[in-house]
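Biologist: Could you please take me through this model, one region at a time? I shall ask questions as we proceed.

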Amino acid sequence: MSEVVRVAVDAMGGDNAPGEIIKGAVCALKANENLDLTLVGKEELVNEELSKYPDVPKERCRVLNATEIIEMAEPPVAAITKKKDSSIVKGMKLVHEGSCDAFFTAGSSGATLVGGQLIVGRIKGIERPPFAPVMPTQKGPCLLLDCGANVDPKPSMLVQFAQMGSIYMERIIGVKNPRVALFNIGAEEDKGNALAKETYPLLEKLEGINFIGNIEARDIPFGAADVVVCDAFTGNAILKMYEGTAKMLLGEVKNAIMSTAKSKIGGLLIKGALKSTMQKFNIKTYGGAPLLGLTGLVVKAHGNAKAIEVQHAIEQCIQWKEEDINGQFRSRMHLVDRTKKADAGQ
């Protein structure tokens, strides 16, 4: 039997909590015998939702009471420092203490980022953790990092993003020798802002990754790279545009099919193929975005996440532990503890 993977779940985070969160958690629990869950949230509400699933394996599912909820609009630092009894803080403490291997939430991105760094903590030598969602492309999944954590990163941080992204795609997604690209407004080496120009030569001479140069936005959906590295402002814009465009196109296709009697008949004929194609580009099938570089795994899903996304995100935690991703980071990256280095120079 595989080693048990212990995941803390923020039952109160997101627009659809606690119903969809607990539904997804239960589905993951039933599908994976080596999974052990701690549902963190208001005990009465969590137990009320759990009562809808009488066949849930109770020996692998426990509830940790948390009386407070961090709302989406709250200032992240203040929320994390003041709301000690919130589901996010208590869930992350389980990871910090070693009681759980991972923490999942669909709650506040800001609080997740702050809590991840202050409570869970970074791996020594990792400068900043990036959010790293997987996006669908014509040729398969692509990892985008950063997409929300570091708006003004240094070139050295983007280098670490490239290393962690490459390891993640290889070990979790199964892409051999993943192609790593730097997001830019042109393919030429001398294009872009100061950050891009400074980062390019660092990636070019970096050993251990398959750097293929710059990538433009229009090439990402066609699968021109397996890992795309950028600052969080750019990454978040790419991700949101990606999601909006996909939703718009799907709506237009449906409207076109339903517009006439002929198109409805044609729609029935291509229904199977169309459904299969749309599923390929459904970003929800990949679950949440991990916050890479922390001492324990933290996974953040969309605020409007439904049960299927929750399930996939939790199952991602299982593979993370089985592949020992943090161990891979430590062994394959040249990590320098800059804090100690700075102390030594004083």
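**Strands, helices and rings**

Modeller: Five of the six residues of strand β1 (residues 5–10) are buried, which leaves this strand mostly covered. Buried means under 20% relative accessible area, exposed means over 50%, and partly exposed lies in between, with a 1.4 Å probe and protein chains only. Strands (E, at least two residues) and helices (H or I, at least four) are DSSP runs numbered from the N terminus. The model is predicted: local features need pLDDT of at least 70 and side-chain atom pairs count only at pLDDT 80 or more, while totals for chains, interfaces and linings use all residues. Residues are numbered from 1 along each chain as its sequence is written, and side-chain values use heavy atoms, with hydrogens and water left out.

Biologist: In which sense do β1 and strand β2 pair?

Modeller: The two strands are parallel, with six bridges between β1 and β2 (residues 35–41). Pairing here requires that DSSP finds at least two bridges between two strands. Val7, for instance, has Leu37 in β2 as its bridge partner.

Biologist: Turning to the open sheet, what is the order of its five strands?

Modeller: The order is β5-β6-β9-β7-β8, and the pairing is mixed. At the edges are β5 (134–137) and β8, each of which pairs on one side only. On average, neighbouring strands of this sheet are turned by 30° against each other, direction ignored. Such angles run from 0 to 180 degrees between N-to-C directions, with axes being lines fitted to C-alpha atoms, for helices over the stretch in contact.

Biologist: How are β5 and β6 joined?

Modeller: A hairpin of two residues connects β5 to β6. Four bridges pair these strands in the antiparallel sense, and Leu143 in β6 is the bridge partner of Val134. Within β5, Val134 and Pro136 point one way, Met135 and Thr137 point the other way, and all are buried.

Biologist: And how do strands β7 and β9 run?

Modeller: Strands β7 (residues 179–183) and β9 (residues 227–229) run parallel and are joined by three bridges. Leu182 stands opposite Val229 in β9.

Biologist: Which strands does α6 lie across?

Modeller: Helix α6 lies across β5, β6 (140–145), β7 and β9, and runs at about 150° to β6. Helix α8 (residues 232–257) also packs on the sheet, where α8 touches β5, β6 and β7 and makes about 50° with the direction of β5. Contact means heavy atoms within 4.5 Å.

Biologist: Staying with α6, is Gln160 buried or exposed?

Modeller: Gln160, found in helix α6, counts as buried because its relative accessibility is 7%. Its side chain reaches the backbone oxygen of Gly125 at 2.8 Å. Leaving out residues up to four places away in sequence, Gln160 touches Gly125, Ile126, Glu127, Arg128, Met333 and Leu335.

Biologist: Now the rings. How many aromatic pairs are there?

Modeller: Rings of Phe, Tyr and Trp (its six-membered ring) pair if their centres lie within 6.5 Å; planes under 30 degrees apart count as stacked, over 60 as edge-to-face and the rest as tilted. By this rule there are three aromatic pairs. Tyr168 and Trp320 form a tilted one, at 6.1 Å centre to centre with 50° between the planes. Tyr168 lies in helix α6 (residues 155–173) and Trp320 in helix α10 (residues 307–322), so this pair ties together parts that are 152 residues apart in sequence. Tyr168 is buried at a relative accessible area of 2%, and Trp320 is buried at 7%.

Biologist: What kind of pair do Tyr200 and Phe211 make?

Modeller: The pair is edge-to-face, because the ring centres of Tyr200 and Phe211 are 5.2 Å apart and the planes stand at 75°. Tyr200 belongs to helix α7 (residues 194–204) and Phe211 to strand β8 (residues 210–215), eleven residues apart. Both Tyr200 and Phe211 are buried.

Biologist: Which residues form the aromatic cluster?

Modeller: One cluster is formed by Tyr168, Trp320 and Phe329.

Biologist: What is Asn326 in contact with?

Modeller: Neighbours within four places in sequence aside, Asn326 contacts Ile123, Leu294, Thr295, Gly296 and Trp320. Asn326 is found in helix α11 (residues 325–332) and is buried at 7% relative accessibility.

Notes. A polar contact is a pair of N or O atoms within 3.5 Å; within protein, one must be able to donate a hydrogen and the other to accept it, and residues adjacent in sequence count only if both atoms are side-chain atoms.
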